[in-house]
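Hi everyone, thanks for making time this morning.

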Amino acid sequence: MQKRFILTALSSLCSLASAQGVMSPGSELLAIMPVYSQLLAFSYPKGFVPVFEQAKNGSYIQESVLKGESVQRWSQMITVTGTRGLASNPEQSPLRFASELAAGFRDACPDSFAVKDLGEFKLGRHDALASIISCGYVNGPAGARSESALVIVIKGRQDYYTVQWAERGRPSQQPLSLNDAKWSMRLKQLAPLALCPIVPGEAAPYPSCSAGPA
């Protein structure tokens, strides 16, 4: 599956250096980055380092892998995306956005595809949804493997955002049994998630957002 975990062409405004961090109460690094019309904040898991970013045609993508791994060969990956202006589309929703990502997975591995809904929730005033999407068997330059991802979709004031935590494992011709406890724990590890307004004149580390969503 050469498209890796972003199955639509996604990319934004900021460089890797613009993702500023402050320590959250649990001593995790809280990453805060301007992506289009808002600040996106989440707890950045330990051991990950950013390795790729692209901004193009109203889309944003940033990828991070475990230290010592690469964008071509990785065991786990954190991906952040933004899609400019999509929130103005009345036919779009976090559920539909996640369903479109899931459809890309299903096309890549129809015999070993699996998906599990972790539910809709609110980030302040913003609608969000979390799900697990999985391919038991895919093949590519990195060899045969399974690929699964926790996908969080957030509808912002103007734009759509995702935070994804993906992993690769042994290939399976059958759909994987998705471990709720493991993926639910990873969802908790990314908390607190927040979307905040961009305050004119405010510079990194964006203290207005470190207190939580708005």
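Let's start with arginine 186, which is buried, at a relative accessible area of 10%. We call that buried because the cut-off is under 20%. Keep in mind that this is a predicted model. So who is the partner of arginine 186 in a salt bridge? That would be glutamate 167, with the closest N and O atoms 3.1 Å apart.

In total, the structure has seven salt bridges. As background, side chains of opposite charge can pair when their charged atoms come close.

Here is another one for you: arginine 145 and glutamate 147 form a salt bridge, with their closest N and O atoms 2.5 Å apart. Are these two buried or exposed? Arginine 145 counts as buried at 5% relative accessibility, and glutamate 147 counts as buried at 0%.

Now look at lysine 122 and aspartate 127, whose side chains meet in a salt bridge at 2.5 Å, N to O. Lysine 122 is exposed, with a relative accessible area of 54%, while aspartate 127 is partly exposed, at 32%. There is also a network of salt bridges, linking Glu91, Arg96 and Glu100.

On to the backbone. Most residues other than glycine have a negative phi, and most peptide bonds are trans. With that in mind, where do we find cis peptide bonds? One joins alanine 191 and proline 192, with omega about 0 degrees. Proline 192 has its place in the loop between helix 2 and strand 11, which spans 194-197. Another cis bond runs from alanine 204 to proline 205, with omega near 15 degrees. You'll find proline 205 in the loop between strand 11 and helix 3, residues 207-210.

Last stop, positive phi values. Tyrosine 36 has a phi near 60 degrees, and it is not a glycine. Tyrosine 36 lies in the loop between strand 2 (29-35) and strand 3 (38-44), and is buried, at 8% relative accessible area. Asparagine 57, also not a glycine, has a positive phi of about 55 degrees. Asparagine 57 lies in the loop between strand 4 (48-56) and strand 5 (59-66), but this residue is exposed, at 73%.

Methods. Residues are numbered from 1 along each chain as its sequence is written. This is a predicted model: local features need pLDDT of at least 70, side-chain atom pairs count only at pLDDT 80 or more; totals for chains, interfaces and linings use all residues. Side-chain values use heavy atoms; hydrogens and water are left out. A salt bridge is a side-chain nitrogen of Lys or Arg within 4 Å of a carboxyl oxygen of Asp or Glu. Buried means under 20% relative accessible area, exposed over 50%, partly exposed in between (1.4 Å probe, protein chains only). Helices (H or I, at least four residues) and strands (E, at least two) are DSSP runs, numbered from the N terminus.
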